[in-house]
Amino acid sequence: MATFLPLLTEENSPLFHALNRIGPIILDAQQSVPLPESPQHSCLLLNQTSPVDPQDIASWLDEGVEKVIVPLVSVKDLVGVIPSERLILLLDVANVSAFSDKIRNGVSGVLLKTPSIDLDIISSVSKFFTGSAIYVLSSSGSLPTPGNIRELQSIGATLVLPESQLTLEATSTTKLNVADAFMALLVSDRADGLFPTVVSSQTGHSLGLVYSSRKSIKESIITGKGVYQSRKHGLWRKGETSGATQDVVRIRVDCDSDSLEFRVIQHGAGFCHLNRQSCFSEASGLPALERTLKSRRDDAPEGSYTKRLFNDAKLLQSKIMEEADELCRAETKEEVAFEAADLLYFALTKCLASGVSVADIERSLDRKAKKITRRPGNAKPQWTQKEPNQTLAPAPAAPARPVKIDADGPIKMRTSDLSAVSSEERAQLLCRPVLKSDEMIEKVKPIVEAVRLRGDEALLEFTAKFDKAQLTSSVIFPPYAPETMQIEENVRKAIDIAYANIHKFHAAQTNSSTLIVETMPGVVCSRFARPIARVGLYVPGGTAILPSTALMLGIPAQVAGCKEIVLATPPRSDGSISPEVMYVAHLVGASAILKAGGAQAVAAMAYGTKTVPKVDKIFGPGNQWVTAAKMLVQNDTDALVSIDMPAGPSEVLVIADHTANPAFVAADLLSQAEHGVDSQVVLVAINLTPEHLAAIEKEVDDQAHALSRVDIVRQSITKSIIVKASSTEEAIAFSNDYAPEHLILHLENAGEKIAHIDNAGSVFVGPYTPESCGDYASGTNHTLPTNGYARQFSGVNTLSFQKHITSQEITAAGLGSLGPVVATLADCEGLQAHANAVRIRMRESANK
């Protein structure tokens, strides 16, 4: 809120700087006053009798002038052309007459020129302009006082003071001190008369809360330095002893005139006495990135990637163009946010390399926001020309996607007929969206490397950054406190039943006996299983509650006999783990719980830290960061860790014939579609009538609209497909080629078709076997191969947590028969020592 508005007509740099700190400045267009810099907020006074060209007005506003003050002769031509919030009417109180609604509604304020400060006249004129700001410029020779400022504010008017009446010196009979005028409206509600003061960075991020006195405010306005009032030690000139000084950019009064905001440029270690930027928390967003990039620029060794980015303009240009292209190609909300962040990273690198700060960028954005003329909006020719044909390595194409998703239309799948598509089109139907695994691995590398090198310290930092949880330790060990496992009784019973079913099925998969085969007389070979000693189980979490995944991973590890079971799951913002997951961890005998998620959790389990046990194999689903980190660490020989399988978006393929219940089919499709916008849903319809297919589509639309995650379903279903098949054999052949994570058979005599299924993560047979049962409690495992990997991988099972060791024992007689065969083959391969290991034994046996 402006206490008063200064009108500049003469050059006075010190006065200008002080006024620029405390509010808008009026510039007289008829006075050519050289300014040391552009005002932060300015109005332009056009006091002339001839009309003003609207183009000139638009040009001034585009250049950053916030408002123009024009006489009635010009306002008539500007109303409707210039936005009302940018127009102020200049009016001589002696010539006030009736005004049309067009004039009243076409301006946002009135500047009254009066011979004296007459509150009654000003009030009466202001009634013509209800809702508009009223400014008063008196031509009286007497100096206005702070009391006049308060009186005008009481009737909703603001005083305009020519700079000839203002001074940085003490108030006199001819001039009013700038700070005295600014503080005219300030009223403290405190017994000590101080004013609470929020100190913020240039970009508006809070640095701390202090107190100001009239004396400290006056010194800050005049000197431009951060000066406050200590409640214990008196006047406090910020940084006077520590060096962490401040340059005051702007001082604002709040709407109640009892507190202040100082916008400052903070120097030194920061505002806080703990040598931090802020008393509340470290900076986030663009200011945090700016600090990080500055630090990296200053400290990066020669030849490093960071140094090259700052020194190699062509490399940086390539990265900016690369990230801009990826942003343009991004489709989901998560992808757009991710790619936009990457682009901002490299764009800010370019800015810092050119000496441009985030504050500079924001000032430019503010100027753009003030423009009133609009560009045509056409792209430059080089960005509108079609790309020339290029020879690229062939890549699997994703199914064609609709141009636009109708937010109000029915939720429908696309339809293809296998009898009408070419072999190339059929291959396209089998493809999933291309996963950018290489790009994601590059993005998780810094996280994984930080945890590998700095261990617990980096782990805690990433948990605070990504999971918003402030922890002092990332690991908890048994026995687990009972209060951390308190859950509703019905939930506990459900978990217990699911545990029993899953345990029973996975226990049946074990085989403790040793396989022994005598391959020839005196040559005995054997094979036996041993548990993987240390396993890491990743359970997605944070705001979600996923005890089912903890069951699916923990039970087979327990059944297999793994000695150490480390369960990793993101903590909630208060640092706790959901009690349901804690209860399952207790049931499966977890030896440690790692309160961390994402790539940092994977890295901690792969390499180990001072507190996190290292594991030998990592299991579990997760987002693209988790998947990329798993793929990265399994290829690092320093980690010596393996993973369960590659992972991708959840998927289901449903095969339905004339016996299928439309409601059941639709429910099964939606149960996977709600997982995420990238979920894959396929219905293979065998000779269904148009009426039957329409009934399924109607059920999909009706059921989808009843779901809380309908917005997600709308996107995933619209990108999914119905494939028409002419026979059960054709449908199963398509499914085997697709290799789905979940395969549901709504078929007549469905059980008889299992023998023909070659590729699938898990199969759900018949109308009363929803995929949800496998997800939670039937007994099978829900951690399954996706993205077509069911051709090569099995779902998680007990054997996943074991490895098999072979042994052989050969007698002297056995070696007599087998030795010549081995020696001959070794000679054939040119491995003399191999052959010698056999012959030396055979000679000794022959000499006995």
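Reader: Which residue does K630 form a salt bridge with?
Author: D644; the closest N and O atoms are 2.9 Å apart. This is a predicted model. The pair links distant parts of the chain, 14 residues apart. K630 lies in helix α22 (residues 624–634), and D644 sits in the loop between β25 (642–643) and β26 (651–656).

Reader: Is K630 buried or exposed?
Author: Buried, because its relative accessible area is 3%, under the 20% cut-off. D644 is buried as well, with a relative accessible area of 11%.

Reader: Which residues are joined into a network?
Author: R252, E261 and R263, through salt bridges that share partners.

Reader: Now R363. What does its side chain meet in a salt bridge?
Author: D360, at 2.3 Å from N to O. R363 and D360 are three residues apart in helix α13 (residues 358–370), so about one helical turn separates them.

Reader: And how accessible is R363?
Author: R363 counts as partly exposed at 38% relative accessibility. D360 is partly exposed too, at 28%.

Reader: Where do E290 and K294 lie?
Author: Both are in helix α9 (residues 285–299), four residues apart, about one turn of the helix.

Reader: Buried or exposed, for E290?
Author: E290 is buried, with a relative accessible area of 11%, whereas K294 is partly exposed at 35%.

Reader: How many salt bridges does the structure hold?
Author: 26.

How values were computed. Residues are numbered from 1 along each chain as its sequence is written. This is a predicted model: local features need pLDDT of at least 70, side-chain atom pairs count only at pLDDT 80 or more; totals for chains, interfaces and linings use all residues. Side-chain values use heavy atoms; hydrogens and water are left out. A salt bridge is a side-chain nitrogen of Lys or Arg within 4 Å of a carboxyl oxygen of Asp or Glu. Helices (H or I, at least four residues) and strands (E, at least two) are DSSP runs, numbered from the N terminus. Buried means under 20% relative accessible area, exposed over 50%, partly exposed in between (1.4 Å probe, protein chains only).
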